[in-house]
Amino acid sequence: MYCAAQYTGEPIPKEDILKIIESARWAPNHRKTEPWRYQILTGKALERLGNFMATSYSQTEGYKKFKLKKLQENPTKASAVILIFMHRDKEESVPEWEEIAAISMSVQNMWLTSHDMRYGAYWSSPKPFADIKDLEGIQVADNEQFLGFFYLGTYPYEEQELPQRKSVEEIATFINE
């Protein structure tokens with residue numbers, strides 16, 4: 001996993017971004033609601049996002065200059081930022097948590113595809129001080145909820161050591177009777 005500070009800022013071909021989004025739509029989802037919606041920011045839209053985040057943050061009490069600068073610059077270091085939305089089934093035929101879980105699997109598919117294509121990617125939570133509906137060019141339907149940013153970027157690729165994780169025996173239990 002790479003953070004925006006490690007991205008080179010080089011553009012990612014639209015065809016590659018579409019391949020990443022294509023993988024997202026194959027996530028499992030109950031009753032085939034396909035609750036995910038994505039809006040892809042590239043080019044000047046990344047500058048607008050950075051300025052929007054910085055302006056929104058600067059209006060909070062006790063804001064910190066270093067964080068303001070980071071919020072403004074990080075989007076422009078990425079090649080693309082994909083906005084993640086939950087498009088809630090109007091009939092609410094499945095529980096909301098299942099829709100969010102489906103979107104999480106969809107984002108996981110994007111991350112795996114990005115990694116396979118040797119792009120850096122990470123999901124960042126939405127910032128509580130900014131309402132994404134106020135960002136110029138963004139359309140949010142009444143039954144949609146913003147769930148975060150998927151930062152996507154190019155970086156100098158090198159093999160990484162796997163992070164430490166619990167063993168399989170620590171997380172799985174067989175029950176035979």
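Visitor: Which residue in β4 does Val 81 stand opposite?

Guide: Start with the general idea. Strands of a sheet pair through backbone hydrogen bonds, either parallel or antiparallel. Here, Val 81 stands opposite Tyr 151 in β4. Two strands count as paired if DSSP finds at least two bridges between them. Helices (H or I, at least four residues) and strands (E, at least two) are DSSP runs, numbered from the N terminus.

Visitor: What should I know about the model itself?

Guide: This is a predicted model, where local features need pLDDT of at least 70, side-chain atom pairs count only at pLDDT 80 or more, and totals for chains, interfaces and linings use all residues. Residues are numbered from 1 along each chain as its sequence is written, and side-chain values use heavy atoms, with hydrogens and water left out.

Visitor: How many bridges join β2 and β4?

Guide: Eight bridges pair β2 (residues 80-87) with β4 (residues 144-153), in the antiparallel sense. Ile 82 faces Phe 150 in β4. Ile 82 is also the bridge partner of Ile 40. β1 and β2 run antiparallel too, joined by six bridges.

Visitor: In what order do the strands form the sheet?

Guide: The order is β1-β2-β4-β3, in an open sheet of four strands with antiparallel pairing. β1 (36-41) and β3 (120-124) stand at the edges with a single partner strand each, so one side of each has no neighbour in the sheet. Neighbouring strands are turned by 25° against each other on average, direction ignored. For such angles, axes are lines fitted to C-alpha atoms, for helices over the stretch in contact, and angles run from 0 to 180 degrees between N-to-C directions.

Visitor: How many residues of β2 are buried?

Guide: Buried means under 20% relative accessible area, exposed over 50%, partly exposed in between (1.4 Å probe, protein chains only). In β2, seven of the eight residues are buried. Across the protein, buried residues make up 41% of the 177 residues.

Visitor: Which residues touch the most other members of the largest nonpolar core?

Guide: A nonpolar core is a set of buried Ala, Val, Leu, Ile, Met, Phe, Trp, Tyr and Cys residues joined through side-chain atoms within 4.5 Å. The largest has 24 residues, and Leu 41, Leu 49, Val 81, Leu 83, Ile 132 and Phe 149 touch the most other members. Two or more residues each come from α2 (44-58), α3 (65-77), β2 and β4. The largest share, seven residues, is from α2.

Visitor: What is Leu 49 in contact with?

Guide: Contact means heavy atoms within 4.5 Å. Leaving aside neighbours within four places in sequence, Leu 49 is in contact with Leu 41, Pro 75, Val 81, Ile 132, Leu 135 and Phe 149. Apart from this core lies another, of 22 residues, among them Ala 27, Ala 80, Met 86 and Tyr 119.

Visitor: Is Thr 113 buried or exposed?

Guide: Thr 113 is buried, with a relative accessible area of 15%. Its place is in helix α4 (residues 96-116). Not counting residues up to four places away in sequence, Thr 113 touches Lys 19, Ile 20 and Ser 23.

Visitor: How many helices and strands are there in the protein?

Guide: Five helices and four strands. From the N terminus on, they run α-β-α-α-β-α-β-β-α.
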